[in-house]
Amino acid sequence: MARITMREAISQAMWEEMERDPNVFILGEEVGIWGGSYAVTKGFYDHFGAERVRDTPIAETAIVGAAIGSAMTGLRPIAELMTINFAFSAMDQIVNEAAKLHYMFGGQFMLPLVIRAVSGGGRQLGATHSQTPDVVFAHFPGLKVISPGTPADAKGLLKAAIRSNDPVLFIEHATLYQVRGEVPEGEYVLPIGKSCIQRKGKDVTIVTYSKGLDISMKAAEELSKEGIEAEIVDLRTLRPLDTNPVIESFKKTNRAVIVEEGWKSYGVGAEVTSRIYEQAFNYADAPVIRVAQKEVPLPYNRALEQSALPQPADVVAAVREVL
Amino acid sequence: MNKQSSLDLYYQMVLIRRLEEKGAELYQAGKIGGFMHLYIGQEAVSTGLIAARLPQDRVITAYRDHGVAINCGIPVNQVLAELMGKATGISKGRGGSMHLADVSRNFWGGHAIVGAQLPIAAGMALGDKYAGRDGVTICMFGEGATNIGFFHEALNLSKVWTLPVLWVCENNIYGMGTKVTRASAVSEIQQKAEGYGMAHERVDGMNVMAVYETAKKAIETVRSGSGPRMLEIMTYRFRGHSMGDPERYRKHEEVMEWEGHDPIGFFQTYLIKNKKATARGLEEIDTRAREDIQKAIEFSEASPEPALDTLFDQVYAEEE
């Protein structure tokens with residue numbers, strides 16, 4: 001296995017799928033000649049050509065609409081949205097069209113499309129370019145929403161997303177692109193909608209995904225120094241949400257902290273906490289605690305921004321509280 | 001167009017008119033729910049337009065879609081059953097009046113968000129172009145949809161990528177109750193095509209043969225690879241926007257005047273004058289259409305409701 005970055009893993013998944021299936025193509029702003037604003041599609045244009053790596057106007061509705069329409073004709077488009085913040089410009093096409101068309105017409109239309117979007121704060125881009133609104137999209141039945149926390153999961157889940165016959169929103173965290181990890185070469189496809197244990201432990205269950213995994217792993221290392229062993233469940237897919245490993249882990253540890261980068265209200269933490277209480281209330285030895293972003297539009301100033309984002313220290317403090 | 005084809009168009013127009021009239025009655029009787037938008041007055045538009053397509057040409061439209069569904073060849077039984085929410089409806093009772101579609105007949109819906117079908121149409125045309133097929137995507141929308149962003153993004157993309165789309169604006173003068181002159185910077189909608197370097201034409205939508213002839217040429221020109229074009233088809237809806245429309249925005253005299261240009265009456269005169277039909281022959285077609293609607297009502301009334309245990313079916317193509 002090679003040790004590669006998240007960026008390379010995502011790129012590799014798309015490259016392999018495009019080599020495998022001529023119906024797979026990429027469209028989006030600056031995906032072609034530029035090589036992708038986050039350099040994920042670097043080299044694709046020269047190798048696959050302008051028909052399969054399509055630069056678009058800055059027009060998110062047209063990008064997502066073109067992906068939907070071409071998917072309905074049998075293609076497998078990967079639409080790249082430069083950031084998830086721009087998905088709001090295409091909200092109707094994502095929510096009212098992609099998520100609905102298969103069901104609403106009695107199963108007549110197939111929508112094998114992937115929308116890749118970059119999410120997350122922490123890069124001093126100001127309030128409009130720094131959101132982590134992943135749960136907004138996970139709210140809608142009909143969409144699948146994936147957000148990996150490791151390079152291997154990114155590769156395996158993106159390949160699964162491209163092969164899926166359903167519309168998938170694939171969310172990549174902007175500050176995880178440089179994270180390295182072991183990634184299987186060649187054919188490696190993971191099931192969509194399966195959570196997994198990223199770290200074994202016995203004292204407390206930390207439930208998280210995406211950037212939250214990075215934060216939680218750091219917190220777990222700190223806690224380990226004190227002899228506290230956290231078990232970390234990575235959701236990986238927000239819809240359909242698999243909380244079975246969460247419940248199993250909670251029944252063992254009887255304590256849980258939920259970590260996400262998005263805002264706390266109505267978030268992943270709220271959803272997962274409810275499910276824990278619904279399914280394992282009698283196992284609780286302490287209230288479940290949520291660690292999330294402070295409820296403000298993210299400010300530009302570095303210190304202010306970092307103070308609004310969840311940090312490993314916040315997770316450590318939350319774990320101490322539930323123990 | 002030969003005699004038989006002309007008479008078939010006449011049948012389609014009359015069938016749509018009778019379907020809509022009976023649909024209104026069924027709606028008033030509470031047998032059709034939700035929103036329903038009647039096509040009465042606009043029958044010549046989709047009838048002429050869709051008669052001009054080849055089987056490989058895709059059709060996509062907005063929510064005023066009953067007529068389009070009939071013209072695309074969906075049996076009236078399945079159209080009416082869908083309006084009544086039955087399991088035998090073309091969308092299995094999941095879509096209703098605004099969401100009719102039949103992929104086997106290359107009819108891609110029935111889209112209820114104003115303008116939302118335009119970017120999808122661009123995508124379908126991209127699909128055909130990418131695969132090297134020679135189909136043309138015919139995308140219909142009202143003049144009201146030309147004021148929303150979807151329209152501009154889709155037209156621009158279609159031109160930049162030279163996509164095989166025929167953009168068809170059905171200008172019935174009112175977007176709900178707001179007259180085109182009050183809502184659009186230019187009331188002659190075809191002028192908007194100029195901004196995208198696109199060829200365009202305006203045609204009388206009360207004259208089915210004019211629509212057919214113009215559409216035929218336009219579709220074949222698009223098929224030749226020259227890129228997208230726009231047709232603006234001038235028409236008028238004789239009924240309200242939807243079933244709950246008090247029609248405060250227009251005078252009864254205006255409606256009466258347009259009813260004097262009834263596309264069905266106009267076509268009757270044409271057919272008789274050109275010796276393609278006799279008054280009696282047309283009466284026979286009228287009778288057949290009435291009977292077919294009556295049978296469709298009986299079929300729909302007798303059809304089962306969707307089983308409640310199908311509620312979760314097909315949320316995803318791949319069930320978890």
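This is a predicted model: local features need pLDDT of at least 70, side-chain atom pairs count only at pLDDT 80 or more; totals for chains, interfaces and linings use all residues.

**Exercise 1.** Work out whether strand S11 of chain A (residues 230-234) is enclosed or open.

*Solution.* Start with the cut-off: a residue counts as buried if 20 or more other C-beta atoms lie within 10 Å of its own. Next, go through the strand: 5 of the 5 residues are buried, so S11(A) is largely enclosed by the rest of the structure. Finally, check each side. A:Ala230, A:Ile232 and A:Asp234 sit on one face, A:Glu231 and A:Val233 on the other, and both faces are covered.

**Exercise 2.** Find which strands pair with S11(A), and in which sense.

*Solution.* Take strand S9 of chain A (residues 196-199): its pairing with S11(A) is antiparallel, over 3 bridges. Within that pairing, look for A:Arg199, whose bridge partner is A:Ile232. Now move to strand S10 of chain A (residues 204-208), which pairs with S11(A) in the parallel sense over 5 bridges. Here A:Val204 stands opposite A:Ala230.

**Exercise 3.** Is A:Asp166 buried or exposed, and what is A:Asp166 in contact with?

*Solution.* First locate A:Asp166, in the loop between helix H7 (151-163) and strand S7 (168-173) of chain A. Then count: 22 other C-beta atoms lie within 10 Å, so A:Asp166 is buried. Leaving aside neighbours within four places in sequence, the contacts of A:Asp166 are A:Leu111, A:Lys144, B:Tyr316, B:Ala317 and B:Glu318.

Conventions: Residues are numbered from 1 along each chain as its sequence is written. Chains are lettered from A and ligands numbered from 1 in the order in which they are written. A residue is buried if 20 or more other C-beta atoms lie within 10 Å of its own, exposed if 12 or fewer, and partly exposed in between; C-beta atoms are placed from the backbone. Helices (H or I, at least four residues) and strands (E, at least two) are DSSP runs, numbered from the N terminus. Two strands pair if DSSP finds at least two bridges between them. Two residues are in contact if their C-beta atoms, placed from the backbone, lie within 7 Å.
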